[in-house]
Amino acid sequence: MSKLKISLSALLMLVLLSMFGAFASAQGVTLPSNVGTVDNFGNSNTHKTHGNFQNNTNSCANCHSTHNGEDDMLLMKSGQKELCLSCHDGTMGFYNVTTASEAGVIDSHEQSASMHNVDSDLALSAAPGALANKSTATFECSSCHNPHGSANDRLLNETVAGKQYGNNYNVTIVGYTETITKLNQVPIGQKAIKLNLVEDPAFADINNATGLSGLKIYKSNGIYNKTTDAPGLTQAQVYDYKLNYSEFCASCHDDYMKNRENGPRAAKTAEGHALFTHTTNSTKQGRSCTACHYAHGTDITLLKDTAGKTIADLEKPVADGGKGWTDAQARAYMKDVSKSGSSSLKRFTNMAVCWACHQSTHQIANTPGTTNYPNTTDYKNYLVPGGDYSGKSLIK
């Protein structure tokens, strides 16, 4: 039997046993003797796959083969993406990165698809907006996630591109003016990014089971935007987690955060032209990286219009709030064409996210000679309605 077949067989057996252990415990079934069931405190438990390993762990063998590794890290697959997707493609892991989620979608071949490419020799320093980032490391799943555990939600790394990014901040808002000052760096091992995670109703049986030592399967609603969405968190904590998420992205895309402590960027190119960008170091709605972009990627089924509608929404009957469009109509409408067919991991098609946020452009005045022109005291009555921008409520 070849080394690959041995690896595949071993991985399949170990992961299936671990998964069976979780489901079996949820259903009150007696576990097989070769699946770990007792933790360091003598309580019933099963082996953890990522981090927080028990002293009797067997989890190393889920990903590594001591004598038959496929690479210098002894991985049971020839690369990180192949290994991670052996579970996270929906076949074994709870979290399927190939289907739509708050993180987006990876490996989609749908129209207007765009994603972080973790299956290539792409260097971290090749990231768009990379200026000071000179890392020679290859961009892989572990560039963002730590498979051995992290204090952050979703196993997000505590250092990215060799830099520790998490900070505590002092935020002062007076009118429209926001002043942000770094106070201190969050120590490794303490949470720098907390996401709005809620129990996934698709796994209610496991989440409500006893005997699994608190095992919960969560779905993510993304970053916290305000304290009303963050029970138990202070406003300062919400600000910290939100700002740190943008810092996380800016570890590779560092030029997009240039001069962040001094307000909007106004740097000079080699040709002497001034460059400006949206500041992402803001606590305001619509000023984080994830306001416009998905982390994993996007495709035409995920893209939204200014009203926050997707293809699936548009295809619903009018009675159900849709337009009753055909699939061809909805796809033609949602197609992203603003950058040669590339959606750049965007949440909204084309430049719709601009239209959703910048509401002052949503209505235009009638031309001279119309009924109310130029009665400025009755300004709203001689405006022509623009598009539906109710999708602004989805921007964080």
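**Close-up views of a predicted model**

Being three residues apart in helix 5 (residues 235-250), tyrosine 245 and phenylalanine 248 are separated by about one helical turn. The model shown in these views is predicted. Its protein chain contains nine helices and twelve strands, and buried residues account for 37% of the 396 residues in that chain. Of the contacts in the protein chain between residues at least 6 apart in sequence, 55% link residues at least 24 apart.

**View 1**
With a relative accessible area of 11%, tyrosine 245 is buried. Phenylalanine 248 is likewise buried, its relative accessible area being 7%. Together with Tyr165, these residues, Tyr245 and Phe248, make up one aromatic cluster.

**View 1. Tryptophan 325 and tyrosine 333 form an edge-to-face pair.**
The ring centres of tryptophan 325 and tyrosine 333 lie 5.1 Å apart, and their planes stand at 80 degrees, so the pair is edge-to-face. Tryptophan 325 is partly exposed, at a relative accessible area of 24%. Tyrosine 333 is also partly exposed, with a value of 38%.

**View 2. Phenylalanine 248 belongs to the residues with the most contacts inside the largest nonpolar core.**
This core has 17 residues, and those with the most contacts inside it are Tyr165, Ile193, Tyr245 and Phe248. In soluble globular proteins, nonpolar side chains tend to be buried together. When neighbours within four places in sequence are left aside, phenylalanine 248 is in contact with Cys144, Leu156, Asn157, Val160, Tyr165 and Ile193.

A polar atom of the serine 143 side chain lies 3.5 Å from the backbone oxygen of threonine 138. Apart from neighbours within four places in sequence, the residues in contact with serine 143 are Leu124, Thr138, Asn157 and Val160. Asn157 and Val160 are also listed among the contacts of phenylalanine 248.

**View 3. Serine 288 is buried in the loop between strand 9 (274-276) and helix 6 (289-292).**
The relative accessible area of serine 288 is 5%. From a polar atom of its side chain to the backbone oxygen of lysine 396, the distance is 3.0 Å. Lysine 396 is also one of the contacts of serine 288 that remain once neighbours within four places in sequence are set aside; the others are Ile223, Lys242, Ser246 and Thr280.

**View 4. Two arginines are placed over tyrosine rings.**
At tyrosine 95, the charged end of arginine 154 sits over the ring, 4.6 Å from its centre. At tyrosine 294, arginine 347 lies over the face of the ring, with a distance of 4.3 Å to the ring centre.

**View 5. Cysteine 87 and cysteine 289 are buried in a structure that holds zero disulfides.**
The cysteine sulfur closest to that of cysteine 87 belongs to cysteine 63; at 7.0 Å, the separation is too far for a bond. Cysteine 87 has a relative accessible area of 16%, and is therefore buried. Cysteine 289 is likewise in no disulfide: the nearest cysteine sulfur, in cysteine 249, is 4.1 Å away, whereas a disulfide requires the sulfur atoms to be within 2.5 Å. The relative accessibility of cysteine 289 is 19%, so this residue counts as buried.

**View 6. Proline 201 is exposed in the loop between strand 6 (195-199) and helix 4 (204-207).**
Proline 201 counts as exposed because its relative accessibility is 62%, the limit for exposed being over 50%. Proline 201 and isoleucine 217 are 16 residues apart along the chain, and 8.8 Å separates their C-alpha atoms.

Key. Residues numbered from 1 in each chain as written. Predicted model: local features only at pLDDT ≥ 70, side-chain atom pairs only at ≥ 80, totals over all residues. Heavy atoms only, no water. Polar contact = N/O pair within 3.5 Å; in protein donor to acceptor, adjacent residues only side chain to side chain. Contact = heavy atoms within 4.5 Å. Helix = DSSP H or I, 4+ residues; strand = E, 2+ residues; numbered from the N terminus. Buried < 20%, exposed > 50% of the residue type's maximum accessible area, 1.4 Å probe, protein only. Phe/Tyr/Trp six-rings, centres within 6.5 Å; stacked < 30°, edge-to-face > 60°. Lys NZ or Arg CZ within 6 Å of the ring centre and 35° of its normal. Core = buried A, V, L, I, M, F, W, Y, C linked by side-chain atoms within 4.5 Å.
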